[in-house]
Structures are given as C-alpha cells and as structure tokens.
Amino acid sequence: MNMSGSTSSFLASIRNTDQNNNMDSAMMTTRTPVQCARTPRFTTGRDWRVWVMALGADGSVALSGWHSETDRTFIDLLFIDPDCTNTCKIIFSKEFEKSPNSRTRCVSYISSGQIVTCCDDTIELINYNKQSTILSRTFRGRAVSMAVSEEGDQHIFVGLYRSNKVIVFSSSGLTELKTITLTGLEDGDYVRELGVMGAAHTLCVSTYSSKALVYNINGDVQTELTAMNKTLAQSIAVSSELMMVLWSDRTLITAHHIPSIIEGGRHSSLADRDGGRHIVVCFEIDGSSTIRIKNNRLITVHYITGEVKEYGKEDIFSLPTLFPPLSPTINETEVTKLANYFKITSSQSITNIRTLVQHLTNAGSITPQNIVQLIRACRDLELQDAARILSIFQSEKIHGLLFSEKELRKKLLASKEENGRTADTITSLERGKKSLEGSRASLEKELETTNQLLQESKKTQTSLREKLTTTEQTLTKSAETQANLREELHAQNRRLTQEMDQTREELDQTRETLEKTTDNLQQAGLKSAQESKALEGVLQRTKQALEEKKKTITSLEMREKSLEGSRYSLEKELENTNQSLQESKKTQTSLREKLNATEQSLTESEETQANLREDLHAQNRGLTQELDQTRETLKKNNQQSSPGRAEECPRIQGAERSPSTNQTIFGGKGKGDN
C-alpha cells in the first residue's frame, strides 16, 4: 500500500535519534559462541539455503529453506551436541517437492512433537515424532514469514509476500480467524520476519526494506527501532519483553525493551516514542544471517553455510553488554558524582562507567545479578536515563529469574502430576501385582492340582502296569492250562478208544463163542440133564457176562458221550479262553497305549509345570524391577521438584525465521521477486 504523508512523517519522527545513537564503540564487546554445528545437508552440499529458523521448548532447532538449483524445500529439526563440536543430532528431516509459485518455506513449533509449516498458499500441521501430516489448509496469498504466539491464546501469524497483510490462524484446526493490515509499509514492502510478544500479541517485524517495526494487534505501528545510526535490520528475535535486532552489518545486536517503549508512548508525544532509550544490552557476534532467542539462549545461523551457533545467557546479559548503551547517558562529571556517592577515594582511578562498575563489583556493592544500589544512586543523583536503562536491565534479569521460577513451578506441578501418574502407575502395578499374586495362587493351585493329577496318574500307571503284569501272568497260566487240558483230553480220548476197541473185541469173541455153542447144541442134540444144566448154567453165566458187557458198553458209551460233552465244553472253554486271550491282548495293547499317553501327558505336565514356574519367576522379576524403577523415578522427581535445585528453565517456543541478505535472495537491493 502507498504510505501517506502523515504516516511517513510519523515513522520519521519515531526513529531513534537520541543519545543511544552515540553509544561508545570502544565499550563494545564481541561474544563468543559456546556451541557450533552444521547439519549434514550443508556439510555434504553447497546449494542449500536457510530461510527460517525456529527454537523449540525442548532445546531443538528447526531450519527451513530451499535448494538453489532445484527449488525443492526442506525442514530439518536438530539438537546441537553439547559434547562434540560441529556435530548435531537430526530428529526430523523432510524434503518437499518444488512449489510452482514460491521457494520460501517457513516453520514454527506448536507443541511438543508438533510443528507448523507454510509454503506458497498452504499451511500444514506436522507430527514430527510420527513423521506424518496431521492437517493441511490452503489460503489466499503466498506465505513469506510466520510466528506462533506463546502467551494468551495460541495463534499462528502468517505474513504474506508483497503485502501488508498478516493472516491469523487457530493453532488447533488451522482455522483462519482474521487478517491484520499493517500500517506504514510502502507499496511492495512486506514482513520478512515476524515475532509475537506477550498475551497482547504485540507484533515485532523486520521488513523486506530492512526496517525493524513494532505493531499492536490491530496493525497500528508503535515504533521503529534504530541504534548507533543503523536503520537497516538484518534479522529480529523476540523473547519475553525483549526484541533483539541484528543490524545490516550482521555483527551488531541490540536488545530493546518493548513494553517500556509502548508504555512511554502512552504518556508522551508521538515524536518521543523511540526504542533507542530503551536498549538493554548491546554486543557484537560473528557474522550471521538470522537470530532467534528463547529463555535467554541466543541461536544464530548463516543462510549459506548453514552453521548454527549458540550463545549462552551469561554472554547476552552481562555487565559488559550493558556498558555500550549505558555509557552515553553518564559523562565524566556524573561518573565522579557516582564515585563520591559510593565513597570511592580519589586515589583510585575511576574514569568511566566501566571502571566504576568494575570497582563496585570488586567491592561487592553490586553483582551481575543485582545492581539495585547503582540504580538507587542514579536516581538519587537524578541520572534518569541511566537509571531507566539499569532498571530495564535489572527488570529483564528479574524477569528471567521469575521466568525460571514460573518454569520451576511448572516443573513442580508437572512433577506432582508425574508423581500422581507415577502413584497411579504404582497403584496399577500393585493391582497388577495383586492380580499376578492371585494368578500366582491360582497357578500354584493349578500346579498343586497338576501334581496331584500327576501322582494319581503315576498311581494309575503303576496300577495299570500291575494289572498288565497280572493279565500277562493270567494269560500265560491260561495258555498252560489250555495246553494241559488239550493233552488230558487227547489222553482220555485215546484210553476210551482203546477200552471200546477191547470191549468190542471181547463182545465179538463172546458172540462167536455163543454162536458156536448154539450150533454145537443143535448138532449134538440134547445131552444129559447135567450137561444141559451145566450148559444152562454156563449159558446163564454167559448171558450175565454178556449183560455185564452190555452194561459196560452202555456205561462206556455214556462215558463216551460224557467225554464228548466234556470235550465240547472244553472246546467252548478253549474258544472262550482264546477270545479272552484276544481281548486280553487288545486290553494289553490299549493299556500300553494308555500307558504311553499317560507318560506323554506326564512329560507335558512336567514341561508345563516348568514353564509355569519360569513364567511366574519372570513375571515376579519384571514386576519387582518395574516397581523399583518406578520408585527410583518417583524419588528423582521428588528430588528435582525441590525448590532451589531446579536448573535453568526450559525454553518456550519462539519466533522462527532465518534470513539471507535481501539482495542475494531476491536479486535486488530494495525489492524483488521471491
């Protein structure tokens, strides 16, 4: 949009033209990074460029950019290895296909495990732990910058290419909430970097034309920041109440206290709304393109080399970084007044604010964490500008401590919640233990039952073996008895046959004798009575003998029939014995099969019993280890939650963004295509 004459004069009036533009360069100190690293993408290739950088609450760093030849875009999430120089751990890396209209990809953190990214007209929510896209939306315009608010309602702010518009999205459903129109931007200028400060969502921006501006949520410009006659901003970073600016020489960084600027503007004319008098610290770094800060941890990156550097809190907020903005506010006469205020003898060389602060520090009157006495002295001597800068520095220090306390409280609350969850886990584990004990009791009962069944099976097996032995003995005896019966039957048959044969021969002889006698009687006639009577007696005796023989034959026949009956019954008994023998053999086979099955069952029961014992012991060991680990974790959490022992608070999510020189990326000094 075209800037009106009134807006131009307003911006000109609010630029910093006060004494801070005359900061003593001799007081400037160069900070040294505590860590440096480069991602594999930049160590193996030379055609990658960084566009945006963002910092996560877990200490990770997100980089996004493009390939200068293929225009493919990328996102890398990494941890700088604190134990090894120039190395980092990649936790997420993804390359995207070339977009038809843009190669600028932005990235910001939403929450633990989630990032949001924009390229061209598409915004995406990604779960980098699961390597998956959760949600994707399209909008009108081309994204060129992005930030996520950390206080108040969490919203996503997206700056558009060659536009003074900023679109606000919800962080949950990526719903487009509203569009903010920024005042004071020339036609074709746009938001190159974007940061959101505080619950009021104050917008801190750097533009394509290299201006560092502050806007309220309605898009009204609050101030334009400058320092030491520098007006071209290379990159910005937002943390708590500070807006840090990396100026165009890529070495000078100034930190401006934005709430003081906005609050001061409510009680003064527009011409007095400037950021120069509210610079907290000032220092120099090695050349970089983009800066980000979170929890007083400054991270920089070079857009061509991809080298990431980390500067510690002690490097950023230290008394040496305070001297450049403080020295223009106190002349030599005022330094002498301050020396007299603290009763420093004239023999001691106090020539400027640096030597004064060093003497007070050595004397223990002030510390890097507490400069209250120096603030009180400046106020008592009516050195208002110096008192204001010192107060801002101290408030930032206090804010950092309060921030740490808040984080510690959050940690404590999280620790209590974790303890509660741990207690629930312990309860569930104890329930599980009780359940396992119940299972163990049931298993022991089952084991006992199995043992009883095993004993009964062994007894049954023994009984079956005894029965089998008895059956085999009975079968052996039956076979012997059968053989004896057969032999006896054959012997009786032989005797009866012999007796019958003898009886038949005697009967035949008797018949022949009788026939001969009868014939002789008939031929010889009757003899004398005596002979006749004798013959009759002989005949009678013969008849009696014959009758006896007949009776003997009859008895023999009856005995033969009886023997035949006995033979038949013996044959039946033999047949039954054979059947019993076959059944006994079948029974013996079945008993052997049952015996084998019983032995297999016994073997399986013993194996099952051993497995149950092993499972039971393993479950007991695992449960005991898990309970010990849980108690140890609870103990550590309780120790960590103790006040005064917590470490420096973790980082909140911050603004993202990385730059390049405007001329290199867009191919022109003031304006150009993406």
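I began with Arg103 and Asp71, whose side chains meet in a salt bridge at 3.5 Å, N to O, a salt bridge being a side-chain nitrogen of Lys or Arg within 4 Å of a carboxyl oxygen of Asp or Glu. I noted that this is a predicted model, in which local features need pLDDT of at least 70, side-chain atom pairs count only at pLDDT 80 or more, and totals for chains, interfaces and linings use all residues. Residues are numbered from 1 along each chain as its sequence is written, and side-chain values use heavy atoms, with hydrogens and water left out.

I then placed the pair: Arg103 sits in the loop between strand E5 (88–96) and strand E6 (105–111), and Asp71 in the loop between strand E3 (61–67) and strand E4 (73–80), 32 residues apart; strands here are DSSP runs of at least two residues and helices (H or I) of at least four, numbered from the N terminus. Both Arg103 and Asp71 are buried, that is, under 20% relative accessible area, with exposed over 50% and partly exposed in between (1.4 Å probe, protein chains only).

Next I looked up Arg72, which forms a salt bridge with Glu95, the closest N and O atoms being 3.0 Å apart. Arg72 lies in the loop between E3 and E4 and Glu95 in strand E5, so this pair ties together parts 23 residues apart in sequence. Arg72 also forms a salt bridge with Glu97, at 2.9 Å between the closest N and O atoms. I found Arg72 partly exposed at 23% relative accessible area, Glu95 partly exposed at 37%, and Glu97 exposed at 60%. Arg41, Arg72, Asp76, Glu95 and Glu97 are linked in a network of salt bridges.
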